[in-house]
Amino acid sequence: QKKGTFVRVLLDQLVGIYGENASEQMTRYQDALEGFRARYGPGPVHIFRAPGRVNLIGEHTDYNHGYVMPVALDRDVLLLARPRADKEVRLANVEAEYPASTFSVSHTLPSAPAGDWSNYARGPAQELSRLLGSGVYGLDGLVSSAPPYGVPRGAGLSSSSALTVVMAVAFAHFSHWGWQGAEMARLCSDAEWYVGTRGGIMDQFIALLAERDHALFLDCRPNRRGDFKTQAIPLPAGYQLLVMNSGVRHTNTHNEFNQRVAACRAGVAFLRRDRPEITHLRDVEGVAWEEMEALLPEEARMADLRAAGLELGHLPNVPADARLRVRACCRHVWTENRRVLAAIDGLQRGDLTAVGHLLDEAHASARDDYRISTPELEVLTRAARQIDGVVGAR
């Protein structure tokens, strides 16, 4: 009888998360619970989850203090966890390709070798330890993110951020830290820096603040109190988002990502010669592109920038001979910020034709200026646009 009651309560909770697909998730949750108890023994188990995301529009604007509009997916990362009275973290995964890991919470926590999945747990453990001091304790944890319900890895859907967020939320919960969205998002972003990625905060915000049937508009520039402006934007009834996996894998620790970050920072450094008050590309959103274009070189080598005294901050994995496409990357960010604001207006007016055009323009900019498309993505977007009812593809 108790088991039957538990199943009904769990199903009711899953309905609130997954809607009509809740019953499909039951086996996954029950298998994970059984796996946790088989590994760590009987007793209370806490379940945490963080979703993956797809970005409706606003690509690579977040770390430039720009605008983004992501949407959470029904694919997520689960963490089943039990707090410990010591600092030890014992971490396992339902997928055999991810070996178990053990480490101790510390404000100077050594990382595992590059590519080790446990680094996405070590990062938030270290950041919370630095923030909260000795009050952060260890846990026994089991991660479940296997297909078909887990966030696909290497597919651009922020599986790494979802893992980082779910670990951070668990550590914070067991430490009795009553976090707010902005401070937790920033902490999780810093925790990913531990792994070597210099990204923004979009992925963390959508994992923490997503609402069903809504996109999340996020202004990635904090105010003086460190808060961020967010707004839930209703998605139109009668339309669906189709997310397709091209099969091309990527990793955010690859140096090409950080090279684009470097190109944007270089653009700011060049623009500061005429506008010394700016700190990010967001600061020139009201300036005509024609006024800035001549100030930005087509390309610049990292070594030459440093020799000229243009310091870009710490950027791991960017070689000195890297040629940064400064003008094109800045042009993408400048135009993309405008597209995000126009897309919000289109959604609120119900003008899906206009929104579709903006998605198509965003794809072209990401392909031509930021160079983050692939032949496979080009095939998929062209095919999508040939289907009746599709308003846009990127």
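Reader: Is the crossing of α4 and α5 left-handed or right-handed?
Author: This is a predicted model: local features need pLDDT of at least 70, side-chain atom pairs count only at pLDDT 80 or more, and totals for chains, interfaces and linings use all residues. Numbering starts from 1 along each chain as its sequence is written, and side-chain values use heavy atoms, leaving out hydrogens and water. A crossing is left-handed if the near helix is turned anticlockwise from the far one by less than a right angle, and right-handed if clockwise. The crossing of α4 and α5 is right-handed.

Reader: How is α4 oriented relative to α5?
Author: Helices (DSSP runs of H or I, at least four residues) and strands (E, at least two) are numbered from the N terminus. The axes (lines fitted to C-alpha atoms, for helices over the stretch in contact; angles run from 0 to 180 degrees between N-to-C directions) of α4 and α5 (residues 181-193) come within 10 Å and cross at roughly 120 degrees. Angles under 35 degrees count as roughly parallel, over 145 as roughly antiparallel, 65 to 115 as roughly perpendicular and the rest as oblique. So α4 and α5 are oblique.

Reader: Which residues of α6 does α4 meet?
Author: α4 packs against α6 (residues 202-209) at about 55 degrees, with the axes 9 Å apart. That makes the pair oblique. Contact means heavy atoms within 4.5 Å. From α4, S161, V165 and V169 meet D203, Q204, A207 and L208.

Reader: How many residues of α4 are buried?
Author: Buried means under 20% relative accessible area, exposed over 50% and partly exposed in between (1.4 Å probe, protein chains only). α4 has 16 residues. It is mostly covered, and the buried count is 15.

Reader: What is the relative accessible area of N64?
Author: N64 sits in the loop between β1 (46-57) and β2 (67-83). Beyond residues up to four places away in sequence, N64 touches C264, H280, L281, R282, V333 and Y370. N64 is buried, with a relative accessible area of 4%.

Methods: Expected span 1.5 Å × (residues − 1).
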